[in-house]
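User: I would like a close look at one part of this model, followed by an account of what else can be said about the fold. Please keep it plain.

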Amino acid sequence: MKWMYLFITIILTTVKASPTSDKPTTDVVYFNTSSSLIDLMELLKGRDGRDGRDGRDGKDGEAGVKGEKGEQGVAGPPGPTGSSASGVVYTRWGRTICPDTPGTELVYEGIVAKGYYAHYGGGIDYQCLPNDPDYLEFLSGVQSHRAYFAGVEYEQWDWLNGPYRGVHLHVAVCAICHTSTKGSSLMIPGKTQCPKGWTQEYYGYLMAERHNHKGASTFACVDKDPESLAGSSAQTAGAIFMNVESKCDTFLCPPYEDGKELTCVVCTK
């Protein structure tokens, strides 16, 4: 770049107040310089201009290197109890009420029934029949081409002073219970206590039909403090709750003992 040298006389005029007069005075200053064009521009440079507008955003940069895995956070508080849409249902044989455990409610109470003990056909499982049945179409009278239900009686002929002495020959009752805080139920024969982590709903004695009856049955855990249908005390011999005992000529001894009545417990989790 070609440098230019200039002789410039710059007159700087300043106005100031005279110490002896109220009128302002003017001083003329002669400033002689030999300078390059750049120096001249520096002398003549004005005030700084305003800040410019922000530029456009630049493109995103490349992803950085993945950092190390952080430590596990602190566990949060327990969530709320689930709704009653979940849960488990079980039958309490021998009672019309449900256990007093948190989240447990009575669905309905009823009468225990099963197929006749002297019949080869019919159902073998005990059922809890509601006290207020509904019917659809029906044919009046007892028909021969049918299966039959019979009320189930407690029978204690050789143990009249036993735990069921007050309900001998009475019709057994039942309760259908729902617990909203559990997801599984389990009946354990031969025990009165539940495994660790399970809740005991009730316990009692294991019962079934008599061994030589034509009509077999499933096994049921009947509450140790049984109730019975009001007004029932006559032997109808329709279906039966009899105690179950271990028999050592066929299995199990030890740890089981010959001829002892077996217990049972119903657990939930």
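How do the residues of the lining of the second largest pocket divide into nonpolar, polar and charged?

Analyst: The model is a predicted one. In the second largest pocket, the lining divides into five nonpolar residues, three polar residues and one charged residue. The lining is made up of Gly115, Tyr116, Gly122, Gly123, Val142, Arg146, Ala147, Tyr148 and Phe149.

The largest pocket holds about 730 Å³. It is lined by 23 residues, and those closest to its centre are His211, Met242, Asn243, Val244 and Glu245. By class, the lining of the largest pocket has eight nonpolar, eight polar and seven charged residues.

Next, the nonpolar interior. In soluble globular proteins, nonpolar side chains tend to be buried together. The largest nonpolar core in this model contains 30 residues, and Trp93, Val112, Tyr126, Tyr154, Tyr164, Val222 and Phe241 are the ones with the most contacts inside it. At least two core residues come from each of the strands S3 (88-93), S6 (150-154), S7 (173-179), S9 (199-208), S10 (220-223), S11 (239-243) and S12 (263-268). The most is given by S9, with five residues.

S9 also pairs with S10, in the antiparallel sense and over four bridges. Within this pairing, tyrosine 205 has valine 222 of S10 as its bridge partner. Along S10, Ala220 and Val222 point one way, while Cys221 and Asp223 point the other way; all of them are buried.

Cysteine 221 is joined to cysteine 264, with an S to S distance of 2.1 Å. This disulfide is right-handed, because the torsion about its S-S bond is about 90°. The link ties distant parts of the chain, with cysteine 221 in strand S10 and cysteine 264 in strand S12, 43 residues apart. The cut-off for buried is under 20% relative accessible area, so cysteine 221 counts as buried at 2%. Cysteine 264 has a relative accessible area of 0% and is therefore buried.

A disulfide also joins cysteine 194 to cysteine 267, again with S to S at 2.1 Å. Its link is left-handed, with -95° about the S-S bond. The two cysteines lie in distant parts of the chain, 73 residues apart: cysteine 194 in the loop between strand S8 (185-189) and S9, and cysteine 267 in strand S12. Both cysteine 194 and cysteine 267 are buried.

The disulfide between cysteine 248 and cysteine 253 has an S to S distance of 1.7 Å. The link is left-handed, at -80° about the S-S bond. Cysteine 248 is partly exposed because its relative accessible area is 27%, and cysteine 253 counts as partly exposed at 30%. Counting bonded cysteines along the chain, the disulfides follow the pattern 1-4, 2-3, 5-10, 6-9, 7-8.

Technical notes: Residues are numbered from 1 along each chain as its sequence is written. This is a predicted model: local features need pLDDT of at least 70, side-chain atom pairs count only at pLDDT 80 or more; totals for chains, interfaces and linings use all residues. Side-chain values use heavy atoms; hydrogens and water are left out. A nonpolar core is a set of buried Ala, Val, Leu, Ile, Met, Phe, Trp, Tyr and Cys residues joined through side-chain atoms within 4.5 Å. Buried means under 20% relative accessible area, exposed over 50%, partly exposed in between (1.4 Å probe, protein chains only). Two strands pair if DSSP finds at least two bridges between them. On a 1 Å grid over the protein atoms alone, a cavity is a set of points where a 1.4 Å probe fits but cannot get out, and a pocket is an open set with protein on both sides within 12 Å along at least five of seven lines; lining residues have an atom within 4 Å of a point. Grid points are joined across faces, edges and corners, and a volume is the space filled by probe spheres set on the points. Ala, Val, Leu, Ile, Met, Phe, Trp, Tyr, Cys and Pro count as nonpolar, Asp, Glu, Lys and Arg as charged, and the others, Gly among them, as polar. A disulfide is a pair of cysteine sulfur atoms within 2.5 Å.
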